[in-house]
Amino acid sequence: MQKKKSSSIAQASNAFTQLVSVRLNKALAAAGVCSRRKADELIQNGFVAVNGVTRRELGLRVLPSDKISVHGKSVCSPQAPIWLLMNKPVQVVSTTHDPEGRRTVLDILPPCWKKLRLFPVGRLDYFSEGLLLLTNDGYLAHNLLHPSYQIPKVYHLLVRERPDEAIFQSMRAGMRLAEGEQLASVNARILPSSAKLPHFPPYGTLIEIILIQGVNRQIRRMCRDLKLTVLRLARVAHGAILLGDLPPGRVRMLNDEEIASLLIAT
């Protein structure tokens, strides 16, 4: 049993390396050191070291966290773009560091991802949960958050009350929050109980809300002003990216089609 477990861990490690690594000659070329062909010559002649060890293998793959040097001088190794989808649990902050010492989304990442300098795209508040993207691609992350692209985000909201049509009309008309902020029109509708996430309680009214605007804690503040009691709040979609059945606290890599949808959206 132990041998089988060790084999599974080794296979997972190899798969991870293949996903996030690049060939050493490509890393040198991307860092502006030289062409790939010249990089191959440097590697074969023993002028390239990885993590302090001279490496002559032309097919060697390196991770973003590896330290590369040429002729003894350090080379900045560019990170390959990485995109993860996390189902953020409640009572976790969606930042890379919290001065209050609370758990962050980086704290709950599997160890293999923690060294890759990932950061969350946008935020979910402390008591909200659901879909959160993490990446090291600052350019695309900035575009995804820019209001000019109007990328919709879908939320499932569980409230104690049974809202009447007047409440939905207020949301669709564009509310003004108690603090004075004017909101854009919000699409909202009641969903059947069967649409609840598996870990949601069986009581309350489930509402789907689609946001384009990005006002801080918008849904919770809307509910406060409309006298609705929020029981659970989860983001279930970001553009074409869907949370699906990913359990709370788990992560997965985006596939090529999902990444392409983000590029198309921006």
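Modeller: Q91 sits in the loop that runs between β7 (83-88) and α4 (111-114). Bear in mind that this is a predicted model. The backbone at Q91 has a positive phi of about 60°, although Q91 is not a glycine. Is Q91 buried, partly exposed or exposed? Q91 has a relative accessibility of 45%, so it counts as partly exposed.

T95 belongs to the loop between β7 and α4 as well. Its relative accessibility is 16%, and buried means under 20%, so T95 counts as buried.

A second residue has the kind of angle you asked about. R217 is not a glycine either, and it has a positive phi of about 50°. Where is R217 found? R217 lies in the loop between β12 (205-211) and α7. With a relative accessible area of 43%, R217 is partly exposed.

R217 leads on to the largest pocket. Five of the residues that line this pocket lie nearest its centre, and they are R123, V215, N216, R217 and R235. The whole lining comes to 33 residues, and the space in the pocket is about 820 Å³. Which elements give two or more residues to that lining? They are α5 (138-145), β10 (153-159), α7 (218-225) and β13 (230-238). The most comes from α7, which supplies three residues. Sorted by class, the lining has 14 nonpolar residues, eleven polar ones and eight charged ones.

D137 is placed in the loop between β9 (129-135) and α5. Its relative accessibility is 19%, and the limit for buried is under 20%, so D137 counts as buried. D137 and W83 are 54 residues apart along the chain, yet their C-alpha atoms are separated by 7.9 Å.

Compare that with V186 and H142. These two are 44 residues apart in sequence and 23 Å apart in space, C-alpha to C-alpha. V186 is in the loop between α6 (165-173) and β11 (187-190). A relative accessible area of 2% makes V186 buried.

Next, the rings. How many aromatic pairs does a search of the whole structure find? The search finds one. The pair is made of Y126 and F127, whose ring centres are 4.9 Å apart and whose planes meet at 75°, so it is edge-to-face. The cut-off for that label is an angle over 60 degrees. Y126 is partly exposed at 23% relative accessibility, and F127 is partly exposed at 48%. Y126 has a further neighbour, R102, which lies over the face of its ring at 4.8 Å from the ring centre. Y126 thus takes part in the pair with F127 and has R102 over its face.

Last, the cysteines. How many disulfides are counted? The count is zero. A disulfide would need a pair of cysteine sulfur atoms within 2.5 Å. Two of the residues to look at here are C34 and C223. C34 is buried, with a relative accessible area of 18%. C223 also counts as buried, at 1% relative accessibility.

Key:
Residues numbered from 1 in each chain as written. Predicted model: local features only at pLDDT ≥ 70, side-chain atom pairs only at ≥ 80, totals over all residues. Heavy atoms only, no water. 1 Å grid on protein atoms, 1.4 Å probe; cavity = no way out; pocket = protein on both sides within 12 Å on 5 of 7 lines; lining within 4 Å. Points joined across faces, edges and corners; volume = space filled by probe spheres on them. Helix = DSSP H or I, 4+ residues; strand = E, 2+ residues; numbered from the N terminus. Nonpolar A, V, L, I, M, F, W, Y, C, P; charged D, E, K, R; others polar. Phe/Tyr/Trp six-rings, centres within 6.5 Å; stacked < 30°, edge-to-face > 60°. Buried < 20%, exposed > 50% of the residue type's maximum accessible area, 1.4 Å probe, protein only. Lys NZ or Arg CZ within 6 Å of the ring centre and 35° of its normal.
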